[in-house]
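Dear colleague,

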Amino acid sequence: MNTYNKLQKKFLIWILIEVVITFALLVFLLFLPIEFNVLMPILFVVLLIGLILSLVLKSKFDYYNFLYRHSALFENLAPAVETNQIILSQAWFEMLKKEKYQLYKSYGGYSIYYKIDNGPNNKRAFKTLYIVVAIADNSLSFENEIIEKSINKLEMHLYKNAKYSQRIIYQFKSDKKFTQELAKSTNMVLFARNHKQNIVLINVYHFLDDHVAYFVHSTTNPPTPYYDFASKHLIDLLHK
């Protein structure tokens, strides 16, 4: 984790240095006794080179920033959450409906529910699409491409009439007893931010005999504020 932290700081410093050098070079060129029609192409080339370097360095910074947040999350995992719910039962689906989730489609091995509601606050910018994928067929992995395509179809279905800018996806599976192998299957989480839009994916494994639901979250080192909000919202859902 410390290695990734050092690397992201290094690339941040390089970005700042590159911006300062580009700005200083532009100012220097402006004060040279060069004709305007000659100066403009030179300034354009300098700006273009500076922009390309900034984008390359920014992509490196984002990459190591993600790795740092990811490693911090997994080094500070919270325990499984106790729940008296029987996930994937008829009573559980009724609870989802009471929480304003609507059934989009049932595909046999899995079904998809959704709702559009407020996020961390009531502002329009935080209007969130909540998706619950209930996977009844345990032979289907959390990373199943068919499920991913079904989620994309849901978004296409909502595209024209629904207004939201944030996305939280919960995928649920259930089994009798806790095992490390099943717990590790939830590890492929997602937390991404593009400008003001967030997307979070959390996989949840319910263990019926142990009365717990396991998913990747941290109370001390959540990777992003929206992942923290999604985790707390999920815990509230598990305690309904």
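Which residues form a nonpolar patch on the surface? The patch consists of Phe-44, Val-45, Leu-48, Ile-49, Ile-52, Leu-53 and Val-56, which together have about 630 Å² of accessible area. Patches are made of residues with over 30% relative accessible area and no salt bridge, like charges being joined within 9 Å and nonpolar side chains (Val, Leu, Ile, Met, Phe, Trp, Tyr) within 5 Å. Accessible areas come from the Shrake-Rupley method with a 1.4 Å probe, and for residues only the protein chains shown count as cover.

Please note that this is a predicted model, in which local features need pLDDT of at least 70 and side-chain atom pairs count only at pLDDT 80 or more, whereas totals for chains, interfaces and linings use all residues. Residues are numbered from 1 along each chain as its sequence is written, and side-chain values use heavy atoms, with hydrogens and water left out.

Val-56 counts as partly exposed because its relative accessibility is 46%, the classes being buried (under 20% relative accessible area), exposed (over 50%) and partly exposed (in between), with a 1.4 Å probe and protein chains only.

Helix H3 (residues 90–98) has a covered and an open side. Trp-92, Phe-93, Met-95 and Leu-96 are buried in H3. They cover an arc of only 150° around the axis, so they lie on the same side of H3; the arc is that of the directions from the helix axis to the C-beta atoms. Gln-90, Ala-91 and Lys-98, on the other side of H3, are exposed. The buried residues of H3 pack against strands E3 (110–117) and E4 (128–135), as well as E5 and H6, where contact means heavy atoms within 4.5 Å. Lys-100, which follows H3, has a positive phi near 75°.

Strand E7 (residues 197–207) is mostly covered, with nine of its 11 residues buried. Two strands pair if DSSP finds at least two bridges between them, and E7 has the following partners.

- Strand E5 (residues 166–175) runs parallel to E7 and is joined to it by nine bridges; Tyr-170 stands opposite Ile-202.
- Strand E6 (residues 190–194) is antiparallel to E7, with five bridges, and Arg-193 has Asn-198 as its bridge partner. Two residues lie between the strands of this hairpin, in which His-195 takes a positive phi near 60°.
- Strand E8 (residues 212–214) is antiparallel to E7 over three bridges, with His-206 opposite Ala-213. The hairpin of E7 and E8 has four residues between the strands, and His-211 takes a positive phi near 55°.

The structure holds six salt bridges, each defined as a side-chain nitrogen of Lys or Arg within 4 Å of a carboxyl oxygen of Asp or Glu. Among them is that of Glu-155 with Arg-167, whose closest N and O atoms are 2.9 Å apart. Glu-155 lies in helix H4 (residues 145–158) and Arg-167 in strand E5, so the pair ties together parts that are 12 residues apart in sequence. Both Glu-155 and Arg-167 are buried. Another salt bridge joins Asp-117 and Lys-115 (3.7 Å, N to O); Asp-117 is partly exposed at 26% relative accessibility, whereas Lys-115 is buried with a relative accessible area of 7%.

Yours sincerely
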